[in-house]
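Opening the notebook on a new chain today.

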Amino acid sequence: MAAPIINGKQVSQEILGDIAKETAKLKEQGVQPGLAVVLVGEDPASQVYVRSKEKTCLDLGYHSEVHRLPAETSQEDLLSLVAELNAKQEVHGILVQLPLPAHMDEKAVINAIAVEKDVDGFHPINVGNLVIGDDSLLPCTPAGVIELIKRAGIDCAGKHAVVIGRSNIVGKPVSLLLQRENATVTMCHSRTANMKELCKQADILVVAIGRPKFVDASFVKPGAVVIDVGVNRLDNGKLAGDVDFESVQEVSGPITPVPGGVGPMTITMLMQNTLIAARRASGLK
């Protein structure tokens, strides 16, 4: 029998519903969460993401700003805009859409965002707080992964979690968040010699390697939870994850699909971070 599907769209809508209620309460107290998104250049995927973020903000009743800059914008001008947004009281969260044009220093731009407005969770101070277990704004996709696991009724404590991928965006932070949930974590990557054997020991397998259908059923322990973070465009134009969904679903426990699994959670957690930032800026718990 095929394993149950973890429905990221449904979970996302449930969380957004809660955020909308909280936003309405905040607005009664004179606080409107505000998110500013900066897009440099005309990368098609980035434009789609930014439009989706803008729509979600408006649906929730957030103050929304989108600053679209030409690709030839200088880094100095971009940093100047970030400084302006840092100073804006109605903006609680700032997101500079990545990737940036090649002539810009992404690290310098991320570092320029005020820590308390870093709703992407990429600023070194937020990353450092994550590492040492202090309170911080969490990176959105990893936070979404943990939320999906929890809402599927899975307790991470005492479980062996294996993460494939060690990126700063997903692999490293999700491993830290799994440890925070008291899982024992093994990280695999391109230089791991016995990856399949390690993966077959996992109670929870998180895959974020960027290779379509890389993980098949031979990697998966029967009944293991499988979270697929990958999004790959195949030659036929269809989307596929890093997991071979059809074969893995026959042996796994709860599993996320692509699309409709982790993807919807990223923007949802961004909205949650913006709400948290607005509460903190207003002195509310």
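**Helix α7 and what follows**

I started with helix α7 (residues 171-180), where G171, P173, V174, S175, L177 and L178 are buried. A reminder to myself that this is a predicted model. I then looked up what lies over those buried α7 residues: the cover includes α5, α6 (140-151), β4 (160-164), β5 (184-188) and β6.

Just after α7 I ran into N182, with a positive phi of about 70 degrees. N182 is not a glycine, so I noted it. N182 sits in the loop between α7 and β5. Is N182 buried or exposed? N182 counts as exposed because its relative accessibility is 55%, and the cut-off for exposed is over 50%.

**Another positive phi**

K213 also went on my list: its phi is near 55 degrees, positive in a residue other than glycine. I found K213 in the loop between β6 and β7. With a relative accessible area of 44%, K213 is partly exposed.

**Strands β6 and β7**

From that loop I moved to the strands themselves. β6 (residues 204-207) and β7 run parallel, joined by 4 bridges. I checked I204 and found V225 of β7 as its bridge partner. Which residues of β7 (residues 225-228) are buried on each side? I get V225 and I227 on one face, V226 and D228 on the other, so both faces are covered.

**The three-stranded sheet**

Next I traced an open sheet of 3 strands in the order β2-β1-β3, paired in parallel. β2 (63-69) and β3 (93-96) are the edge strands; each has a single partner, so one side of each lacks a neighbour in the sheet.

β1 (residues 34-40) pairs with β3 in the parallel sense through 4 bridges, and I see V38 opposite V96 of β3. Helix α2 (residues 44-60) lies across β1, β2 and β3, and I noted an angle of about 160 degrees to β2.

**Cis peptides**

I logged a cis peptide bond between L98 and P99, with omega about 5 degrees; P99 is in the loop between β3 and α4 (106-112). I logged another cis bond between V258 and P259, omega about 0 degrees. P259 belongs to the loop between α9 (245-249) and α10 (263-281).

**A surface patch**

Last entry: V127, V131 and I132 make a nonpolar surface patch of about 270 Å². I132 is in helix α5 (residues 124-132), and at 59% relative accessibility I132 counts as exposed.

Note on methods: Residues numbered from 1 in each chain as written. Predicted model: local features only at pLDDT ≥ 70, side-chain atom pairs only at ≥ 80, totals over all residues. Heavy atoms only, no water. Buried < 20%, exposed > 50% of the residue type's maximum accessible area, 1.4 Å probe, protein only. Helix = DSSP H or I, 4+ residues; strand = E, 2+ residues; numbered from the N terminus. Pairing = 2+ DSSP bridges. Patch = residues over 30% accessible without salt bridge, like charges linked within 9 Å, V, L, I, M, F, W, Y side chains within 5 Å. Areas by Shrake-Rupley, 256 points an atom, 1.4 Å probe, with all protein chains shown as cover. Salt bridge = Lys/Arg side-chain N within 4 Å of Asp/Glu carboxyl O. Contact = heavy atoms within 4.5 Å. Axes fitted to C-alpha atoms, helices over the stretch in contact; angles between N-to-C directions.
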